[in-house]
Amino acid sequence: QVQPVESGGGLVQAGGSLRLSCAASGSIFSSNVMGWYRQAPGKPRELVASITSGGTTSYADSVKGRFTISRDNAKNTLSLEMNSLKPEDTAVYYCKRTIGGNWGQGTQVTVSS
């Protein structure tokens, strides 16, 4: 099965920044709406940001103003710039098409207080 590959996670102090990257095949990326999701321990997976092939973005209220999603359609890559990180942002982060597609392994983001 074709899966996206996420990278860039790590341990950071509150207030810090991280940039996540996602590499996907053309069959995943194509003209699809792509999203960054996260799952914290004991909580359901949630969509935090999405972007259309034309670059229109949408964010969850909890990350609005702090996270920026972007994509490079020529390289089939998706990014998530995360600033002013909070301990509650701690989760495994995944990228995926917002409709269908397979989950990758995700990348762990841990924010210490």
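Student: Is W103 buried, partly exposed or exposed, and what is its relative accessibility?

Tutor: Please note that this is a predicted model. W103 has 32% relative accessibility, so it counts as partly exposed.

Student: How many aromatic pairs does the structure hold?

Tutor: There are 2 aromatic pairs in the structure. In one of them, Y37 and W103 have ring centres 5.0 Å apart and planes at 80°, which is over 60 degrees, so the pair counts as edge-to-face.

Student: Where in the chain are Y37 and W103?

Tutor: Y37 belongs to strand β4, whereas W103 is in the loop between β9 and β10. The two residues are 66 residues apart, and their pair links distant parts of the chain.

Student: Which residue forms an aromatic pair with W103 at 5.6 Å centre to centre?

Tutor: That residue is Y94. The planes of Y94 and W103 are at 75°, and this pair is edge-to-face. Y37, Y94 and W103 together form one aromatic cluster.

Student: Are the tyrosines buried or exposed? Let us take Y37 and then Y94.

Tutor: Y37 has 11% relative accessibility, which is under the 20% limit, so it counts as buried. Y94 is also buried, because its relative accessibility is 11%.

Student: How many bridges join β4 to β9?

Tutor: Strand β4, residues 34-39, is joined to β9 by 6 bridges, and the two run antiparallel. One of the contacts involves M34, whose bridge partner in β9 is R97.

Student: And how many bridges are there between β9 and β10?

Tutor: β9 pairs with strand β10, residues 107-112, over 3 bridges in the antiparallel sense. Here Y93 has T107 of β10 as its bridge partner.

Notes:
Residues numbered from 1 in each chain as written. Predicted model: local features only at pLDDT ≥ 70, side-chain atom pairs only at ≥ 80, totals over all residues. Heavy atoms only, no water. Pairing = 2+ DSSP bridges. Helix = DSSP H or I, 4+ residues; strand = E, 2+ residues; numbered from the N terminus. Phe/Tyr/Trp six-rings, centres within 6.5 Å; stacked < 30°, edge-to-face > 60°. Buried < 20%, exposed > 50% of the residue type's maximum accessible area, 1.4 Å probe, protein only.
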